[in-house]
Amino acid sequence: MNAATLSVAAPAAPTAPATSAAAAPAAAPVLDAETQARMKAQAEAMARAQRLRTLTRMAAPVLGFAFFLLVWQAVAHSGDKQLPGPAVVWEAAVKLFSDPFYVNGPNDQGIGWNVLSSLQRVAVGFGLAAVVGIPLGFLIGRFAFFNQMLDPIISLLRPVSPLAWLPIGLMVFKAANPAAIWTIFICSIWPMVINTAVGVRQVPQDYLNVARVLNLSELTIIRKILFPAVLPYMLTGVRLAVGTAWLVIVAAEMLTGGQGIGFWLWDEWNNLNVAHILIAIFVIGGVGLLLETLLVAVARRFDYS
């Protein structure tokens, strides 16, 4: 046997496992000083931009309100100066709200009682509209027959001003309070009917086909499929209805009299107390803003989009 044969038959030298090199952790990249400085500058710039956006978001409403007060003050000092300025209205508001729930008779009560009376009328009229309007919207959206039957009537009556229904209420109920509630009912029902019907129509047909295959009853379909899907649309209709109702009740109370923020405002006009009229305007706007904010928060809670 020669040397060449021995060299061929010799066993190969053992090699290191391939995984040993791969298992070693890779060294973290080392950033040079210039890159680190650039990243730090970018982070500081982003932080400054965020602080500026926050400051702008906080300062913009304050500046807008200050501009409104300056314009109000300028208008109050021009012309015949019958419009009181912000300082005069503020003093009257402090005195007025020091005792908002006084009672000196059926027609002389504090502004707090008048606001609560208006809210009570809105709650009753709106509640009746919800009891009627939401089921009606389900029927219109679910069944084509009811849609074809009621759509012309709704299209005819919906554009009518709510105050146009006030004389009908006075004629039927022979009293101011139910007539005002009737007006709230009429103006509140249309947004809830229309939005609920639109929500029912937006339910995917596949859901209804599965319910038909499972032989579910109509009540189960409404409770398990339609109601959860329609709830965001329904809450949008509720929000629009409450806003409209609060607008209408002020005008209705100015016409019907009695007790309420609208009547209180009109009574102050008869007394030529312009400061109290401006206070009533701010109170009406504040209550409307509070109702809107609460209902938007509720709608966001049930918004699954």
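In helix α11, which spans residues 261-270, the residues I261, G262, F263, W264, L265 and E268 are buried, where buried means a relative accessible area under 20%, exposed means over 50%, and partly exposed lies in between, as found with a 1.4 Å probe on protein chains only. The helices named here (H or I, at least four residues) are, like strands (E, at least two residues), DSSP runs that are numbered from the N terminus. The cover over the buried residues of α11 includes α4, α5, α10 and α12, contact being taken as heavy atoms within 4.5 Å. After α11 comes L272, whose phi is positive, near 60°.

The model is a predicted one, in which local features need pLDDT of at least 70 and side-chain atom pairs count only at pLDDT 80 or more, while totals for chains, interfaces and linings use all residues. Residues are numbered from 1 along each chain as its sequence is written, and side-chain values use heavy atoms, with hydrogens and water left out.

N114 counts as buried because its relative accessibility is 4%. A polar atom of the N114 side chain lies 3.1 Å from the backbone nitrogen of G260.

Leaving aside residues up to four places away in sequence, Q109 touches Y102, V103, N114, Q259 and W264.

In the protein chain as a whole, the secondary structure comes to 12 helices and zero strands. Of its 305 residues, 31% count as buried. Among contacts between residues at least 6 apart in sequence, 67% join residues at least 24 apart. F227 lies in helix α10 and, at 37% relative accessibility, counts as partly exposed. Apart from residues up to four places away in sequence, F227 touches F138, I222 and M234.

The largest pocket holds about 280 Å³ of space. A pocket is defined on a 1 Å grid over the protein atoms alone as an open set of points with protein on both sides within 12 Å along at least five of seven lines, a 1.4 Å probe being the one used to find cavities, and lining residues have an atom within 4 Å of a point. Grid points are joined across faces, edges and corners, and the volume is the space filled by probe spheres set on the points. The lining consists of F65, F68, L69, W72, P86, V89, W90, A93, F97, I279, F282 and V283. At least two lining residues each come from α3 (33-76), α4 and α12 (274-301), and α4 supplies the largest share, five residues. By class, the lining has 12 nonpolar, no polar and no charged residues, where Ala, Val, Leu, Ile, Met, Phe, Trp, Tyr, Cys and Pro count as nonpolar, Asp, Glu, Lys and Arg as charged, and the others, Gly among them, as polar.

Most residues other than glycine have a negative phi. K174, however, has a positive phi near 60°; K174 lies in the loop between α7 (166-173) and α8 (176-201) and is exposed, at 67% relative accessibility. N215, also not a glycine, has a positive phi of about 60°; N215 lies in the loop between α9 (205-213) and α10 (218-256) and counts as exposed at 68%.

The mean pLDDT of the protein chain, the predictor's confidence in each residue from 0 to 100, is 84, and 89% of the residues reach 70 or more. Confidence is highest in helix α4 (residues 86-97), at a mean of 93, and lowest in helix α1 (residues 3-9), at 41. Over residues 1-24 pLDDT stays under 50, and the model has one contact beyond four places in sequence for these residues. Where pLDDT is low, the predicted coordinates should not be read in detail.

Notes:
Polar contact = N/O pair within 3.5 Å; in protein donor to acceptor, adjacent residues only side chain to side chain.
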